[in-house]
Amino acid sequence: MSERVIPLVDQRIPTLSVPAKAFEAASRISPNGLLADGLGRPLRDLRISVTDRCNFRCSYCMPKEIFDKDYPYLPHSHLLSFEEITRVAQQFVAHGVQKIRLTGGEPLLRKNLEILIEQLAALRTPEGQPLDLTLTTNGSLLARKAKALKAAGLQRVTVSLDGLDDAVFRQMNDMDFPVADVLEGIEAAKAAGLGPIKVNMVVKRGTNEQEILPMVRHFRGTGVVLRFIEYMDVGATNGWRMDEVLPSAEVIKRIHAELPLVQLDPSSPGETAERWGFAGADGQHDPSLGEIGVISSVTQAFCSDCNRARLSTEGRLYLCLFATQGHDLRSLIRGGASDADLASAIGHIWQGRSDRYSELRSELGPDTSAPGQRRVEMSYIGG
Ligand code: SAM
Ligand code: SF4
Ligand code: SF4
């Protein structure tokens, strides 16, 4: 077995500036909802990280050895304010974004998050439609906050939960946090109307794979959609190894052996999860039993229709979860750029996008970044 090597982290990785032609009269891009990147992919989904801090230390994301009390978290002045986030988000929506997901770090740690949710919930697409506004959380503060989040205009939540066994869960979050509190959070979210609720479980072979079936039995028929995520080589600190990835095909096989499944059509283009429904006695999908999903970012790349952009806590625009550099939008905003400038900048950045890391990983093997370039951490740009 190879020894785990954890590189030193410096979050101050280089930024990319915005192409100058974004501001030249002849090459300005005005939003028309039809923006496409270099591979013809539209811009539909914006993930906004509202904090780089978290109260958990999941070893696949923020290992304790690195994210300790000396870790250089961003000072408050570096964070985009709610007004700044909403202003940028508005330009993304003008370019075709229909879905916004708040993430982090742990988004519910950001003070007064409800105010941001209210502002984002007021945005409308060019067709006058409200956005699909959702949030990914570790669930630890959900029981306390679910009602207020719903009242502010949040539509749904995704809760991360890596097992039902209390000892396994405490080990996974590495903060001795009890599973009962997250389950209570899920119930509170349901009661508040933040559904349909999705529960994400990252599966690490040899760590929590024995939790797959108990999780399925627990959530089957409850309206909660459980999704299994392959452990990914995001960031540079989690000591990722391919032999700790349990392929989604294996997850489906194990579940199907006990509870028969039938494959379902994707719910929308760019959908990351492959959907499987629980079969009834007739072998057909029984909607009352619900469905599960698998997200196979390692064994089955889905870059070809990836329509997701990511805005970091300090206002850098990342074009891929595995990016090594982000485009600095904060200095534009704080430097007096107009809304039209911002929109044109986003347009040029997206048009220049050719990222397809997972496909390259399948072709060339892991870590295709150039020497000396370090991938951004998941806790910094969000999932
Ligand atoms: N703290 C919140 C949470 O855990 O839901 C939101 C941020 S977290 C970075 C977003 C998602 O990324 C979570 O569902 C988490 O399980 C997932 N994640 C983090 N590191 C991962 C990894 N190495 N592989 C796969 N998923 C990962
Ligand atoms: Fe925190 Fe979420 Fe990362 Fe776990 S996955 S350490 S809860 S940000
Ligand atoms: Fe999208 Fe990058 Fe993931 Fe491919 S690797 S699906 S481009 S985020």
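## Close-up views of a predicted model

View 1. Residues are numbered from 1 along each chain as its sequence is written, chains are lettered from A and ligands numbered from 1 in the order in which they are written, and side-chain values use heavy atoms, with hydrogens and water left out.

**View 2. Polar contacts of ligand 1.** Look here for pairs of N or O atoms within 3.5 Å; within protein, one must be able to donate a hydrogen and the other to accept it, and residues adjacent in sequence count only if both atoms are side-chain atoms. A polar backbone atom of Gly105 is 3.0 Å from a nitrogen atom of ligand 1. The side chain of Glu106 places an N or O atom 3.2 Å from a ligand 1 nitrogen, and a backbone N or O atom of Met232 lies 2.9 Å from a nitrogen of ligand 1. Taken alone, ligand 1 exposes 550 Å², and the protein buries 95% of that (Shrake-Rupley method, 1.4 Å probe; for residues, only the protein chains shown count as cover).

View 3. Around ligand 2 you will find Cys54, Phe56, Cys58, Tyr60, Cys61, Met62, Gly105 and Asn138. This shell divides into 6 nonpolar, 2 polar and no charged residues.

**View 4. Ligand 3 and helix α10.** Of the 13 residues around ligand 3, Cys303, Cys306, Cys320, Leu321 and Ser358 come nearest. Both β11 (308–311) and α10 give two or more residues to the shell, which has 7 nonpolar, 1 polar and 5 charged residues. In α10 (residues 357–364), the buried residues are Tyr357, Ser358, Glu359 and Arg361 (buried means under 20% relative accessible area, exposed over 50%, partly exposed in between; 1.4 Å probe, protein chains only). The Glu359 side chain reaches the backbone nitrogen of Ser304 at 3.3 Å. Gly365 follows α10 with a positive phi, near 95°.

**View 5. Phe228 in the largest nonpolar core.** This core has 114 residues, and Phe92, Ile100, Leu102, Leu161, Phe228 and Leu329 have the most contacts inside it (a nonpolar core is a set of buried Ala, Val, Leu, Ile, Met, Phe, Trp, Tyr and Cys residues joined through side-chain atoms within 4.5 Å). Not counting residues up to four places away in sequence, Phe228 touches residues including Met201, Ile212, Val251 and Ile292 (contact means heavy atoms within 4.5 Å).

**View 6. Backbone details in two loops.** In the loop between α4 and α5, Asp174 has a positive phi near 55°. Asp176 belongs to the loop between α4 and α5 and has a positive phi near 60°. Asp174 counts as partly exposed because its relative accessibility is 28%, whereas Asp176, at 51%, counts as exposed. Pro196, in the loop between α5 (179–192) and β6, is joined to Gly195 by a cis peptide bond with omega about 0°.

Definitions and conventions:
Predicted model: local features only at pLDDT ≥ 70, side-chain atom pairs only at ≥ 80, totals over all residues. Near = heavy atom within 4 Å. Nonpolar A, V, L, I, M, F, W, Y, C, P; charged D, E, K, R; others polar. Helix = DSSP H or I, 4+ residues; strand = E, 2+ residues; numbered from the N terminus.
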